[in-house]
Amino acid sequence: MPLRARTAGLLAAAAALLLSVAAPAQAAPVTLTSGHVDVLDVDYAAGALTLDLLDETTGTAVDRTPADVTLNVPVAAKHTNVPSTAPWAFLGTGGTAWILPQSQTSGLLWAGWNTAGVPSGTFKDNKLTFSLTGVSGPAGFSIYTASGSTPTVLFDSGDGLPDALTVNAGAHTHANWGFDAAGTYRVTFSVSGVLSSTGQTVSTGSQTYTFQVTNS
């Protein structure tokens with residue numbers, strides 16, 4: 001073999017070896033079925049605003065990349081008595097919806113969001129904007145709170161997107177996560193804020209979360 005071809009081959013092999021060593025290992029996919037999870041976990045450190053998922057379903061907090069996680073919504077979350085009155089129309093018109101509740105319930109995910117990792121004073125007025133920018137699934141998706149029989153809708157894919165919600169830094173909140181039909185939902189969020197020090201708007205960029213809603 002000519003020296004030039006042999007050298008080129010050795011360089012190519014060395015480059016391939018370096019790439020294989022440098023490439024980070026992929027996290028194993030995980031399905032979460034019950035317990036505490038901050039679906040939207042926001043942190044600010046080293047000049048970067050980040051959005052991931054904080055898994056506390058085992059009692060030990062684990063930061064996870066949303067793409068590695070499937071959030072299970074089982075048949076136990078199915079409600080067949082959704083009120084037919086106008087305030088509840090965001091949950092669809094069939095009287096049935098799957099709901100991860102805002103209060104902790106055995107056998108279901110207790111889903112919320114967390115901005116405790118954002119230091120006070122970092123953002124103007126200590127405010128962040130949560131944006132729901134995309135929903136792919138068989139029917140509507142919503143997040144809401146409820147006091148008695150009156151819901152307050154925070155996000156609703158059925159009335160057009162994007163939807164935005166102002167959230168305080170240092171907050172930890174749980175709400176109801178509603179799905180109008182069984183199937184796979186891919187829900188995309190981003191978080192942004194205006195830095196107090198510079199007036200610059202910074203963003204986490206988009207993260208997509210997968211929910212598997214089952215009917216059996």
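Modeller: Leucine 54 stands opposite aspartate 63 in strand 4. Three bridges join strand 3 to strand 4, and the two run antiparallel. Strands here are DSSP runs of E, at least two residues long, and helices are runs of H or I, at least four long; both are numbered from the N terminus. Two strands count as paired if DSSP finds at least two bridges between them. This is a predicted model, in which local features need pLDDT of at least 70 and side-chain atom pairs count only at pLDDT 80 or more, while totals for chains, interfaces and linings use all residues. Residues are numbered from 1 along each chain as its sequence is written, and side-chain values use heavy atoms, with hydrogens and water left out.

Strand 3 and strand 4 form a hairpin with five residues between the strands. Glycine 59 takes a positive phi there, near 90°. Now step back to strand 2 (residues 35-45). Strand 2 pairs with strand 3 (residues 48-56) over eight bridges, in the antiparallel sense. One of the bridge pairs is histidine 36 with glutamate 56 of strand 3. Strand 2 and strand 3 also form a hairpin, with two residues between them. In that turn, alanine 46 has a positive phi of about 55°.

These strands belong to an open sheet of five, in the order 4-3-2-8-13, with mixed pairing. Strand 4 (62-64) and strand 13 (172-174) stand at the edges; each has a single partner strand, so one side of each is left without a neighbour in the sheet. Neighbouring strands of this sheet are turned by 30° against each other on average, direction ignored. The angle uses axes that are lines fitted to C-alpha atoms, for helices over the stretch in contact, and angles run from 0 to 180 degrees between N-to-C directions.

Strand 10 (residues 141-147) and strand 11 pair over six bridges in the antiparallel sense. Isoleucine 143 has phenylalanine 155 of strand 11 as its bridge partner.

Asparagine 72 is buried, with a relative accessible area of 17%. Buried means under 20%, exposed over 50%, and partly exposed in between (1.4 Å probe, protein chains only). Leaving out residues up to four places away in sequence, asparagine 72 touches Thr31, Leu32, Thr33, Leu100, Leu109, Gln212 and Thr214. Contact means heavy atoms within 4.5 Å.

Alanine 28 sits in the loop between helix 1 (3-22) and strand 1 (30-32). Alanine 28 is exposed, with a relative accessible area of 59%. Alanine 28 and valine 69 are 41 residues apart in sequence, and 9.0 Å apart in space, C-alpha to C-alpha.

Last, the whole chain. The chain has one helix and 17 strands. Of its 216 residues, 40% count as buried. Among contacts between residues at least 6 apart in sequence, 69% join residues at least 24 apart.
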